[in-house]
Amino acid sequence: MATKIRLQRGGRKNYAFYSVVIADSRAPRDGRFIEKIGTYNPNTDPATVDINFERALYWVECGAQPTDTVRNILSREGVYLMKHLKGGVKKGAFDESAVQQKFDAWKQAKANGFDAAKAAVAKAKDEAKATQLAAEKAQNDAKAKAVAEKKAAAAAAKAEAEAAATAEETTETAEA
């Protein structure tokens with residue numbers, strides 16, 4: 001029986017959520033499966049992946065063929081790296097402790113890269129927010145200046161009208 005590691009769709013319309021399953025290659029996408037080994041949610045940023053590492057490694061070593069998307073997911077989770085390292089142990093290139101050290105070093109480097117990328121995104125967001133705030137402040141200052149000019153013009157017009165009225169009163173009292 002040829003087995004595949006594939007995604008099984010769930011979730012609602014326009015909000016897909018997938019289960020990572022082991023299934024017979026002849027079974028339909030959302031049909032019968034042998035075992036569920038994890039979940040994949042592409043709606044979050046970054047996509048959320050929850051895989052049972054040992055079972056995924058077992059099935060990959062047994063020869064289950066993953067789909068392209070699942071292969072990418074398993075590769076990012078380190079299943080294929082561990083398979084490769086275990087192959088080195090079988091050949092006698094290194095021992096189990098070296099495998100675990102290499103895998104832990106890879107995982108740490110990946111976590112550091114992920115944290116750096118997350119920090120870069122947060123920094124870019126903060127800079128964009130600061131730029132937007134500065135633009136809003138400039139716009140508000142321009143509006144305040146325009147309002148002040150308008151009030152000053154209205155006050156000048158009112159003072160002019162009062163001065164004209166006072167001058168008119170003085171001319172009338174002078175004539176009388």
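Reader: How much of the chain counts as buried?
Author: Of its 176 residues, 22% count as buried. Buried means under 20% relative accessible area, exposed means over 50%, and partly exposed lies in between, using a 1.4 Å probe and protein chains only.

Reader: What kind of model is this?
Author: This is a predicted model, where local features need pLDDT of at least 70, side-chain atom pairs count only at pLDDT 80 or more, and totals for chains, interfaces and linings use all residues. Residues are numbered from 1 along each chain as its sequence is written, and side-chain values use heavy atoms, with hydrogens and water left out.

Reader: What radius of gyration does the chain have?
Author: The chain has 36 Å, whereas a compact globule of 176 residues would be near 16 Å. The radius is taken over C-alpha atoms, and the globule rule is 2.2 Å times the number of residues to the power 0.38.

Reader: And what box do the C-alpha atoms fill?
Author: Roughly 120 × 40 × 20 Å, along the principal axes.

Reader: How many helices and strands are there?
Author: Four helices and five strands. They are DSSP runs numbered from the N terminus: helices are H or I with at least four residues, strands are E with at least two.

Reader: Which order do they come in from the N terminus?
Author: The order is β-β-β-β-α-β-α-α-α.

Reader: New topic. What volume does the largest pocket have?
Author: About 360 Å³. A pocket is an open set of points on a 1 Å grid over the protein atoms alone, where a 1.4 Å probe fits, with protein on both sides within 12 Å along at least five of seven lines; lining residues have an atom within 4 Å of a point. Points are joined across faces, edges and corners, and the volume is the space filled by probe spheres set on them.

Reader: Which element gives the most to the lining?
Author: H4 does, with five residues. Helix H2 (68-77) and helix H4 (96-175) each give two or more. The lining residues include Tyr40, Arg76 and Trp106.

Reader: Where is Pro46, also in that lining?
Author: Pro46 sits in the loop between E3 and strand E4 (48-51). A cis peptide bond joins Asp45 to Pro46, with omega about 0°.

Reader: What about Asn14: buried or exposed?
Author: Asn14 is exposed, at 73% relative accessible area. Asn14 lies in the loop between strand E1 (3-12) and E2. Its phi is positive, about 65°, although Asn14 is not a glycine.
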